[in-house]
Amino acid sequence: MIKGFIFDLDGVITDTAELHFAAWKKLSDDMDWQFDRDLNEKLRGISRMDSIKVIMDHNNVSLKEETIMELATQKNDIYVESLDHMTPEDYLPGAKELLTHLRSEGFSVALGSASKNAEKVLKQLNATHYFDVIGDGNSVSRSKPAPDIFLYASEKMGLSPERCIVFEDAEKGIDAAKASNFYSVGIGPEERVGHADVRFDTMKEATLFEVKSHFKDLF
């Protein structure tokens, strides 16, 4: 029986993707690196340090680890400053309704995000009270596609992976869920999350009724 739900943050609960893009673009411009929307897509769902290494590889750049960390911190400072402008109006359509519904039905709910700024985002959204467990980039050392963040979340909820459904919008996130036998709901296009157990184009379509209908033997 399904007892817990684990949510990625960016692209599932809210869309900070544009803020991340703007921050990476600013850093890349300052460094005279090439960075565009296509390259930005490759950063979806992965950690900050992994992201900057993807950008560096694309630009054939090699730097000392200390310098890489400094640049990653610069990007994060740009991004965090932009978070101050987020409000409770910035949920993706359908996300707040689903979280409210899960609360009313008594399910356990966890966050499973690679972001180290997840708590700040949840506070800006006034969403912290929806979550029993907050798993973020500070909780585990290995980021997706390693399943560690989801395993952390399920363990803190006291549930096995087989009793949890993961909501993800990134290919690597679905990979992580499947790696440890979590059920998965993909949010986004077929080419990105089509390997999830069930896929919806948007969170607005991913209602609890629709999810229960697909996993009807598990409720």
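Helices (H or I, at least four residues) and strands (E, at least two) are DSSP runs, numbered from the N terminus. The model is predicted: local features need pLDDT of at least 70, side-chain atom pairs count only at pLDDT 80 or more, and totals for chains, interfaces and linings use all residues. Residues are numbered from 1 along each chain as its sequence is written, and side-chain values use heavy atoms, with hydrogens and water left out.

**View 1. The cis peptide bond between K144 and P145.** K144 and P145 are joined by a cis peptide bond with omega of about 20 degrees. P145 sits in the loop between β3 and α7 (148-157). Most residues other than glycine have a negative phi, and most peptide bonds are trans.

**View 2. Asparagines with positive phi.** N60 has a phi near 55 degrees, positive in a residue other than glycine. This residue belongs to the loop between α3 and α4, and N60 is exposed, at a relative accessible area of 74%. (Buried means under 20% relative accessible area, exposed over 50%, partly exposed in between, with a 1.4 Å probe and protein chains only.) N181, in the loop between α8 and β5 (183-187), has a positive phi near 70 degrees.

**View 3. The buried side of helix α6.** In α6 (residues 118-125), the buried residues are A118, V121, L122, Q124 and L125. They cover an arc of only 160 degrees around the axis, so they lie on the same side of α6; the arc is that of the directions from the helix axis to the C-beta atoms. An α-helix has 3.6 residues a turn, so residues three or four places apart point the same way. The cover over the buried residues of α6 includes α4 (65-83), β2 (108-112) and β3 (133-135).

View 4. (A nonpolar core is a set of buried Ala, Val, Leu, Ile, Met, Phe, Trp, Tyr and Cys residues joined through side-chain atoms within 4.5 Å.) Residues up to four places away in sequence aside, F5 touches, among others, L102, F107, V109, M157, I165, F167, L208, V211 and F219. Contact means heavy atoms within 4.5 Å.

**View 5. The largest pocket.** The largest pocket has a volume of about 800 Å³. Of its 42 lining residues, L43, I46, S47, R48 and S51 are the closest to its centre. Two or more lining residues come from each of α1 (17-31), α2 (37-41), α3 (48-58) and α4, and α4 gives the most, with six. (On a 1 Å grid over the protein atoms alone, a pocket is an open set of points where a 1.4 Å probe fits, with protein on both sides within 12 Å along at least five of seven lines; lining residues have an atom within 4 Å of a point.)

**View 6. The second largest pocket.** About 190 Å³ of space lies in this pocket. Its lining consists of E41, K42, R44, I46, V54, A170, E171, K172, D175 and R192. Helix α8 (residues 171-179) gives the most to this lining, with three residues.

Key: Points joined across faces, edges and corners; volume = space filled by probe spheres on them.
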